[in-house]
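This report describes selected features of one protein chain. It covers a salt bridge, a sheet and the packing of helices.

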Amino acid sequence: MMMKKWQVLISALLMSCVFLSGCGSSDTQKSGSKEVEELKIAVSPYQDADTIQTKTEPLGKMIQEKMKEKGYNIKKVTINVGTSYNAVGEALSSGSADMGFISGATYVMYDNDVDVLLTALRQGIDKDTTDLSVWNNGTPEAFKKDLVKYYRSAIVVGPSAKGQALLAKVKRGEKPTWDELNDLTWGVMSPASASGYLYPSLWLKDNYGKKISDLSHVVQSDSYTTLTARLASGQVDVIVAYSHIRAHMAKNWQEKFDGTADIWSQTGVIGVTDKIYNDTVSVSKTSKVMQDENFRKALGESLIEIGKTDEGLKVLQTLGHKGYDWAQSSDYDGERKVQKELK
């Protein structure tokens, strides 16, 4: 009888242990989620601050939800728009921002204190080469469904007599001389523009030992729309722009810019630059939050996953991004060369 009582007691104790151990594992699972008080995100001023601030507001909650799935409970996400590209670089450099949406140029400028995590994705086109015969083979460039991490800059001549004469020479496989290029009127963007100034300037230096600043006839435009309109009207003989400029402006060429024929028959490409990698998601080396490599990895995974959802893409289009892929520092060596060679 006593033995049976002991057996009942032991069974009860065992059941209690099982129950308690179950509760214990649940508590451990909950406490296993690492607490992060705040994630501070700085955004470059791609548009006006109010527009970015309003339209990116849902991103904070999306990041919190995704990071929670990966074991990080971020209590607060703060998103601030910088007053300038450099201001965001400075914030990341000092650690007052943990993560930033910044250009490749800004990343390279501050890479002593900033690590690149992701590269933004954009829609690509079906011509991706420096072979000019491909660009001038008579088939229009077309956008692809595939998303890409980089683009190029193209040197595009228009319908002016000088532009067409130089294009004919390039189509024969001949290289223009510096004097021929210098005789053209060039349409460019601001000296801070990658595709509208910096990379074409490097192209000139690599091929002729000269830069855009050495050209005799240069007209700066406030937008690529103005730039293309000037090419169509013959105000400039050649422009420098992102390589999908013709595909982007094809509809407007005749409808708004008064082109006398379609853009494909009136223009041609006489030069194409190396790859220009897209904007980055970069993280601060001095931020306490970013000292955790696993946190960085989880954050990168979260943003990649967000970029694959309709809700996420709606937010990211405010930044001109269509998603993200992993980046490496060497992707931006071209930008380093630009900054070194064009000082």
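In this predicted model, K162 and D183 form a salt bridge in which the closest N and O atoms are 3.5 Å apart. The pair connects distant parts of the chain: K162 belongs to helix 7 (residues 161–171), whereas D183 sits in the loop between helix 8 (178–182) and strand 11, and the two are 21 residues apart. The count of salt bridges comes to 19. Side chains of opposite charge can pair when their charged atoms come close.

**The sheet and the helices on it**

Five strands form an open sheet with mixed pairing, in the order 12-11-13-10-14. Its edges are strand 12 (218–220) and strand 14 (268–272), each of which pairs on one side only. On average, neighbouring strands of the sheet are turned by 30 degrees against each other, direction ignored.

Within this sheet, strand 10 (residues 153–157) and strand 13 (residues 238–242) run antiparallel and are joined by 5 bridges. A154 has A241 in strand 13 as its bridge partner. Helix 11 (residues 245–255) packs on the sheet, where it touches strand 10, strand 13 and strand 14, and its direction makes about 110 degrees with that of strand 13. Helix 9 (residues 194–208) lies across strand 10, strand 11 (186–188), strand 13 and strand 14, and runs at about 110 degrees to strand 13.

**Helix pairs**

Two packed helices are described by the angle between their axes and the distance between the axes. The table gives these values for two pairs.

| Helix pair | Angle | Axis distance |
|---|---|---|
| Helix 10 (residues 224–233) and helix 11 | about 65 degrees | 11 Å |
| Helix 9 and helix 15 (residues 333–341) | roughly 70 degrees | within 10 Å |

Helix 9 is therefore roughly perpendicular to helix 15. In this contact, L198, Y199, L202, K205 and D206 of helix 9 meet G334, E335, K337, V338 and E341 of helix 15. By class, these residues divide into 4 nonpolar, 1 polar and 5 charged.

Helix 10 and helix 11 are likewise roughly perpendicular to each other, because angles of 65 to 115 degrees count as such. Helix 10 passes helix 11 in a right-handed crossing. On the side of helix 10, the contact involves Y224, T225, T228, L231 and A232, which meet I245, M249 and W253 in helix 11. This contact comprises 6 nonpolar and 2 polar residues, with no charged residues.

Note on methods: Residues numbered from 1 in each chain as written. Predicted model: local features only at pLDDT ≥ 70, side-chain atom pairs only at ≥ 80, totals over all residues. Heavy atoms only, no water. Pairing = 2+ DSSP bridges. Helix = DSSP H or I, 4+ residues; strand = E, 2+ residues; numbered from the N terminus. Axes fitted to C-alpha atoms, helices over the stretch in contact; angles between N-to-C directions. Contact = heavy atoms within 4.5 Å. Parallel < 35°, antiparallel > 145°, perpendicular 65-115°, else oblique. Left-handed = near helix turned anticlockwise from the far one by under 90°. Nonpolar A, V, L, I, M, F, W, Y, C, P; charged D, E, K, R; others polar. Salt bridge = Lys/Arg side-chain N within 4 Å of Asp/Glu carboxyl O.
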